[in-house]
Amino acid sequence: LFLLIKPQKTKRAKHDDKTMVLPTIHYFSICGRGELARLICAAGEIPFNDKTWAPAFQDGGWRQGYQDIGKAHGLPGTMPVLEHGDLKLFQHNAIENYLASIAPKYADLTPTMRAKDLMIQLTKADINAATESLLFKQIQPEELPPKVTPALDVLEGLLPDSGFINGNDFPTPGDLAIAVIATGCMPFQAA
């Protein structure tokens, strides 16, 4: 998905002293909970360091060692992890929101637009959790449709007939979340 968004020339966001340090995203080499952060950087015109943990899987499970990334910063051993100067974050929703708030391309989004994007991002997270449950054998295949169909129906109802969700001539985080759901291999399409 990252390759679908062609990064534009970067303008520096007007925010604190972190402007001199590029954000670093640590995440597996899959879509999952980290891809939207990468897409927000690309579409939002934030240069960033992508510390991709690859391969993501080894010996039938998650490749071990990734837990040390978060723990090195006093965070739980989960990913994604974002480093930006002194700021260290885990939890994909916090990371996505932070990056969207400093993205030069998104500087003029209204609170209403940001709220709509966040609603869609959180719905993406709900769908992500359900598809992960299937892939990690916590639910049976027949249990997935009732968990995701209502969310997909709501999202479909929110989509405009053409253009982007907030009516801009560029994608915002809500549009990018839809792209992740629609085209992201792991866990969305894999489930």
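Visitor: In the lining of the largest pocket, how many residues are nonpolar?

Guide: This is a predicted model, in which local features need pLDDT of at least 70 and side-chain atom pairs count only at pLDDT 80 or more, while totals for chains, interfaces and linings use all residues. Residues are numbered from 1 along each chain as its sequence is written, and side-chain values use heavy atoms, without hydrogens and water. A pocket is an open set of points on a 1 Å grid over the protein atoms alone where a 1.4 Å probe fits, with protein on both sides within 12 Å along at least five of seven lines, and lining residues have an atom within 4 Å of a point. Besides 3 polar and 2 charged residues, the lining holds nonpolar ones (Ala, Val, Leu, Ile, Met, Phe, Trp, Tyr, Cys and Pro), numbering 9.

Visitor: Which residues are closest to the centre of this pocket?

Guide: The pocket holds about 200 Å³ of space. Of its 14 lining residues, the closest to the centre are Tyr-27, Phe-28, Arg-33, Trp-62 and Glu-132.

Visitor: Which residue of β5 is the bridge partner of Ile-25?

Guide: Strands pair if DSSP finds at least two bridges between them. Antiparallel β1 and β5 (residues 81-84) are joined by 3 bridges. In β5, Ile-25 has as its bridge partner Leu-82.

Methods: Points joined across faces, edges and corners; volume = space filled by probe spheres on them. Helix = DSSP H or I, 4+ residues; strand = E, 2+ residues; numbered from the N terminus.
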